Amino acid sequence: MKELAGKVAVVTGGGSGIGRGMAHAFAEAGMKVAIGDIEPAAGDRVRAELAEMGVEAIALPLDVVDMPAVARFADRIYDRFGAVHLLCNNAGVVTFDLMDHISDADWRWVIGVNLEGVVNGLQAFLPRMKAQDGEKHIVNTASIAGIAPHRGLAPYVASKYAVVGISETLHAERADLGIGCSVLCPGNVDTQIVASGRNRQDAVGGPDRRVNQEVQEQISRGMNPLEVGRIVRQAVIDDDLYIFTHRDTRETAQNRFDAIMAAYDKCEERSRRSPAHGGDR
Ligand SMILES: NC(=O)c1ccc[n+]([C@@H]2O[C@H](COP(=O)([O-])OP(=O)(O)OC[C@H]3O[C@@H](n4cnc5c(N)ncnc54)[C@H](O)[C@@H]3O)[C@@H](O)[C@H]2O)c1
């Protein structure tokens, strides 16, 4: 998407952290911004910050897990702005536990917000965006945990791998849809993610104020969210599929792909030894 000024951006989870950083970065480029967040006061604070910059912005309460609510969110944005050029499915949450300690509610919460939230965003916006003329783009927020596994993060990793897969598929379909797609895969960013239990819905256990201090310390040394937002903005202009923000995560990705290729080497070796069992496949 070459021209951003005057276009409309939607950011879920825009009330804090990376979503707020993207909202600011898009506003700096002269875009109109619609924020949806489960914390209405946080969304409204960001709306006010953007209004101070002279940008037309709205903030609406939104739980991305609630499909009828996401459909109403889309209706209100189309009523107000008449179009959506850039959709950022960004709202996300995390839990920290080894696999044998993860509760059903943890699985449902993390998969619900991080994966179903993205699916709901696509279901609500994609048909209307496709029907619009002009350039359009979708950014889905995954993580480096969507590229390689991380101990203690199974539901998060599962949700983010799925978001990477959906984004890669959207990118493969971009000529059919007329919509570009990027997937954001950051390392540590200084946000409120470690306290995401604050927004846990009652259906999956209700608010949880506990914070993992060890991870919190790592996260608070992370990248500034506005810097991430500006990297995303440039990637949208460049029509990049993958957006990596932290070069120190490269080795993590490399290790996974090396392991996959080593398994292929073994597969080839096996086929060479017994051609009757798929040697030429
Ligand atoms: N912070 C990091 O180090 C990091 C790294 C990689 C990926 N991410 C991803 O970035 C995205 C944004 O997270 P962040 O780090 O900015 O955290 P954050 O907690 O600062 O911001 C997340 C926002 O999402 C909102 N939200 C939570 N549940 C919601 C729901 N059900 N519906 C609507 N809004 C909801 C929160 O109220 C909050 O405003 C997430 O998808 C996260 O997985 C973060």
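This is a predicted model: local features need pLDDT of at least 70, side-chain atom pairs count only at pLDDT 80 or more; totals for chains, interfaces and linings use all residues.
Phe257, Ile260, Met261 and Tyr264 make a nonpolar surface patch of about 400 Å². One of these residues, Phe257, sits in helix H9, which covers residues 250–273.

So is Phe257 buried, exposed or partly exposed? Its relative accessibility is 40%. Buried would mean under 20% and exposed over 50%, so Phe257 counts as partly exposed.

## The largest pocket

Now for the empty space. Rolling a probe the size of a water molecule over the atoms shows where there is empty space left. In this model, the largest pocket holds about 1,100 Å³ of space. It is lined by 50 residues, and the ones closest to its centre are Val94, Tyr156, Thr191, Ile193 and Ile219.

Several elements give two or more residues to this lining: helix H1 (17–28), strand E2 (32–37), helix H4 (104–131), helix H5 (154–172) and helix H7 (213–220). Which of them gives the largest share? That's H7, with 4 residues. Sorted by class, the lining of the largest pocket has 21 nonpolar, 21 polar and 8 charged residues.

## The second largest pocket

Next up is the second largest pocket, with about 310 Å³ of space. Here 16 residues form the lining, and Thr95, Phe96, Asp97, Asp208 and Arg210 are the closest to the centre.

Terms used. Residues are numbered from 1 along each chain as its sequence is written. Side-chain values use heavy atoms; hydrogens and water are left out. On a 1 Å grid over the protein atoms alone, a cavity is a set of points where a 1.4 Å probe fits but cannot get out, and a pocket is an open set with protein on both sides within 12 Å along at least five of seven lines; lining residues have an atom within 4 Å of a point. Grid points are joined across faces, edges and corners, and a volume is the space filled by probe spheres set on the points. Ala, Val, Leu, Ile, Met, Phe, Trp, Tyr, Cys and Pro count as nonpolar, Asp, Glu, Lys and Arg as charged, and the others, Gly among them, as polar. Patches are made of residues with over 30% relative accessible area and no salt bridge: like charges are joined within 9 Å, nonpolar side chains (Val, Leu, Ile, Met, Phe, Trp, Tyr) within 5 Å. Accessible areas come from the Shrake-Rupley method with a 1.4 Å probe; for residues, only the protein chains shown count as cover. A salt bridge is a side-chain nitrogen of Lys or Arg within 4 Å of a carboxyl oxygen of Asp or Glu. Buried means under 20% relative accessible area, exposed over 50%, partly exposed in between (1.4 Å probe, protein chains only).
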